[in-house]
Amino acid sequence: MQGQQFLLLLGVVFAVFQSIPEAAADDCDAQCQAVRNAQDPLADVKAVMTDNTISLGTADDQTGYGFQIQPVYSIPTENGFNLIARGIIQVTGVHNGAAFPILGPDRIGGTGYTWGLSDVMLQGFIVPQIEGLPIKFGVGPQVSIRSRTDKVVAGPGWGAGIAAVAFGFAGNLSYGAILGHHWG
C-alpha cells in the first residue's frame with residue numbers, strides 16, 4: 001500500500017511540474033519577476049520576508065520549530081553596485097528534554113516546549129551589478145546581537161564575521177548559497 005501511495009504522490013508532483021510553463025530569463029513578465037524577487041536574497045527590494053521551519057526528528061525524535069522575520073532593504077548606488085541590509089530575527093520553539101550534541105550532554109529540563117527570541121543576526125552585502133551574468137553575488141559583514149529571551153533558544157551571542165552570497169536562476173529553477181564565518 002505504501003508503494004502505491006508513493007507512486008501516486010510522485011505522479012502528482014510530476015504532473016504539477018509539467019503544468020508549469022517554461023519561463024526563460026529574458027521573457028519573464030512582471031508577475032514572474034515579483035516571484036523571483038521574493039526568492040532572491042540579492043534582489044533590489046525593500047520588504048519583510050518570513051520563513052517558517054519545522055524540524056522533524058531532532059535530537060530526541062522531537063519536533064523543533066523556527067520562525068524567522070527577515071527585513072531586507074536594498075540601496076541602489078550610482079557606482080554600479082547595490083548595498084543590501086538584511087536582518088534575521090529568529091523565534092524558536094525547542095522541546096524540553098531534547099539534547100543538543102554541540103552544547104554537551106545536559107538535557108533541557110521540564111516538559112512541553114520553550115519558546116523565545118534567539119539572537120538577532122544583521123548582514124550587509126555589497127552586490128555588483130554586472131549585466132549578462134547568470135549569477136549574482138555579494139559579500140559583506142555580519143554582526144550578531146545578544147537578544148535571546150532564554151538560554152535554551154540562544155544563538156551565537158555577541159559576535160561578528162563575514163558572509164558571502166551567490167544566487168541565480170536557470171529557467172524555472174533557482175539556486176544559491178549563503179556562506180559565512182562568525183566569531184562569537
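Me: In this predicted model, how many bridges join strand β1 to strand β2, and do the two run parallel or antiparallel?

Reply: Strand β1 covers residues 46–55 and strand β2 covers residues 64–76; ten bridges join them, and they run antiparallel. As one example of a bridge, Asn-52 has Phe-67 in β2 as its partner.

Me: Which strand is joined to β2 by a further ten bridges?

Reply: That strand is β3, residues 81–95, and β2 and β3 run antiparallel. Here Gly-66 stands opposite Thr-92 in β3.

Me: What should I look at in the hairpin of β2 and β3?

Reply: Four residues lie between the strands of this hairpin, and Gly-80 takes a positive phi near 90°.

Me: How should I read a nonpolar core, and which residues make up the largest one?

Reply: As a general idea, nonpolar side chains in soluble globular proteins tend to be buried together. In this structure the largest nonpolar core has ten residues: Leu-42, Ala-43, Val-45, Met-49, Val-72, Ile-84, Phe-125, Val-127, Ala-163 and Val-165. Strands β5 (120–128) and β7 (159–170) each supply at least two residues of this core.

Me: Which residues does Phe-125 touch, leaving out those up to four places away in sequence?

Reply: Among them are Ile-84, Ala-163 and Val-165, which also belong to the largest nonpolar core.

Me: Is Ser-74 buried or exposed?

Reply: A residue counts as buried when its relative accessible area is under 20%. Ser-74 is buried because its value is 0%. This residue is found in strand β2. Beyond four places away in sequence, its contacts include Ala-43, Val-45, Lys-46 and Leu-83.

Conventions
Residues numbered from 1 in each chain as written. Predicted model: local features only at pLDDT ≥ 70, side-chain atom pairs only at ≥ 80, totals over all residues. Heavy atoms only, no water. Pairing = 2+ DSSP bridges. Core = buried A, V, L, I, M, F, W, Y, C linked by side-chain atoms within 4.5 Å. Buried < 20%, exposed > 50% of the residue type's maximum accessible area, 1.4 Å probe, protein only. Contact = heavy atoms within 4.5 Å.
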